[in-house]
Amino acid sequence: MSPRSCSCTECTDHYDPFPVNEADENQPHFQGVTGLQNLGNTCYMNAILQCLCSISPLVEYFLSGKYITALQKDCSEVATAFAYVMTDMWLGDSDCVSPEIFWSAFGKLYPAFMKKTQQDAQEFLIYVLNELHETLKKYHRRRSYEKRSIPRSCRKMIANESSIITRLFEGQLNYSIICLKCENCTYKNEVFTVLSLPIPSKYECSLQDCLQCFFQQDTLAWDNQIYCSFCETKQETAVKANISKAPKIIVFHLKRFDILGTMKRKLRTDIHYPLTNLDLTPYICPIFRKHPKYNLCAVVNHSGDLDGGHYTAFCKNSVTHAWYNFDDARVSEIPDTSVQTATAYLLFYSCRPFSIPIQKRRS
């Protein structure tokens, strides 16, 4: 799991030293429905933390204290700080808490995120997942492949290390690579925690349109030719991907930020995505279609443009089963019909409904 760079950074909200939760003060405070203070251009972090806070299996892992036994002694500060923030958000009495302990611990390892400058939420998410994985991973004896009776195009690698992050978020793509001259076919596996999807229209499309665009067969020609070991030279190649391991939580990054030479632009395409029953059957290897349908559990939104903007999150709470809009310290319940928005940037889907996290009782 290695962080992938992002070509854009976009977020210039203003620091509010006295954030106020604008939710009705008479409303009860529910577990996991807690605002986060903006520490100065940190709405990207707040949006990601809210989405991760809505994923019950991850929250339960930290609230129950299971993470403690998995901690790597030399790099435990970020995971411990993450657990503190999750605890404050789920078990605290405040309508708004500060994520400063996590921001400070994370910034020591990645100083770029301490500068209170524009950052990309997708890039931040990948770094956070990678860091938590490195901190909590357990080693296995060897790396191997599944039974040889399984077609090569559908085989899954068995990793030599695992963590709560890989168990929830890690999927695997299998690429079939066909030389268009000798027709020799080879296969390549690639793990992912976030799938970056192209947007095939400027104005309006569906998430299925984006998925079809990502998984369609591509022909690599000219400067993109791939070396063929049989022809012993670079050749035009047909490449097609499928999912050989579908994660329990699949995160889609909608590639709204585009760079063409020196030109930068944001695609404001209205992308329609389902709240329930997202069908991934066409893209999953038939042998591994255990969880072909997914339900939306969280959304990161980005409003504004390349030079300035703001991140918010929509999250479904496993206690109330309602959707909430998290705008830094401000939290408000929203109807299901409001979850569909043209500003969606990251979509979190789960193959199973969430239950209320089981937490360790406080003494």
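Where is Ser54 found? Ser54 sits in the loop between helix H1 (43-53) and helix H2 (56-63).

These views show a predicted model, in which local features need pLDDT of at least 70, side-chain atom pairs count only at pLDDT 80 or more, and totals for chains, interfaces and linings use all residues. Residues are numbered from 1 along each chain as its sequence is written, and side-chain values use heavy atoms, with hydrogens and water left out.

**View 1. Ser54 in its loop between H1 and H2.** Helices (H or I, at least four residues) and strands (E, at least two) are DSSP runs, numbered from the N terminus. Ser54 has 6% relative accessibility, so Ser54 counts as buried. Buried means under 20% relative accessible area, exposed means over 50%, and partly exposed lies in between (1.4 Å probe, protein chains only). Contact means heavy atoms within 4.5 Å. Leaving aside neighbours within four places in sequence, Ser54 is in contact with Cys297, Ala298, Cys315, Lys316 and Phe354.

**View 2. Helices H2 and H4 cross.** Their axes come within 9 Å and cross at roughly 105°. Axes are lines fitted to C-alpha atoms, for helices over the stretch in contact, and angles run from 0 to 180 degrees between N-to-C directions. H2 and H4 are therefore roughly perpendicular to each other. Angles of 65 to 115 degrees count as roughly perpendicular, under 35 as roughly parallel, over 145 as roughly antiparallel, and the rest as oblique. H2 brings Leu58, Val59, Phe62 and Leu63 to the contact, and H4 brings Ala79, Phe82, Ala83, Met86, Thr87 and Trp90. These residues divide into nine nonpolar, one polar and no charged. Ala, Val, Leu, Ile, Met, Phe, Trp, Tyr, Cys and Pro count as nonpolar; Asp, Glu, Lys and Arg count as charged; the others, Gly among them, count as polar.

**View 3. Met89 in helix H4.** Is Met89 buried or exposed? Met89 is buried, with a relative accessible area of 0%. Leaving aside neighbours within four places in sequence, Met89 is in contact with Gln31, Gly32, Val33, Thr34, Leu36, Leu49, Gln50, Cys53 and Val97. Gly35 and Met89 are 54 residues apart along the chain, and their C-alpha atoms are separated by 8.0 Å.

**View 4. Helices H5 and H6 pack together.** H5 covers residues 100-109, and H6 covers residues 121-136. Their axes are 12 Å apart, at an angle of about 85°. That makes H5 roughly perpendicular to H6. Phe102, Phe106 and Leu109 of H5 meet Phe124, Tyr127, Val128 and Glu131 of H6. Six of these contact residues are nonpolar, none is polar and one is charged. The buried residues of H5 are Phe102, Trp103, Ala105, Phe106 and Gly107. Their cover includes H1, H4 and H6.

**View 5. The largest nonpolar core has 69 residues.** A nonpolar core is a set of buried Ala, Val, Leu, Ile, Met, Phe, Trp, Tyr and Cys residues joined through side-chain atoms within 4.5 Å. Leu52, Leu58, Phe102, Phe169 and Phe348 touch the most other members. Helix H4 (residues 77-91) gives the largest share, 10 residues. A second, separate core has 37 residues, including Leu195, Val239, Ile250 and Ile284. Leaving aside neighbours within four places in sequence, Leu52 is in contact with Leu58, Val59, Phe82, Leu125, Val128, Leu129 and Phe169.

**View 6. Strand S15 and its partners.** Six of the six residues of S15 (residues 249-254) are buried, so S15 is largely enclosed by the rest of the structure. Ile249, Val251 and His253 lie on one side, with Ile250, Phe252 and Leu254 on the other. Two strands pair if DSSP finds at least two bridges between them. Strand S9 (residues 195-197) pairs with S15 in the parallel sense over three bridges. Leu195 stands opposite Phe252 in S15. Strand S24 (residues 344-350) runs antiparallel to S15, and five bridges join them. Here His253 stands opposite Leu346 in S24.

**View 7. Four strands form an open sheet.** Their order is S8-S7-S14-S11, and the pairing is antiparallel. Strand S8 (185-192) and strand S11 (218-220) stand at the edges, each with a single partner strand, so one side of each is left without a neighbour in the sheet. The twist averages 30° from one strand to the next. Strand S7 (residues 171-179) pairs with S8 over eight bridges. Ile177 stands opposite Thr186 in S8.
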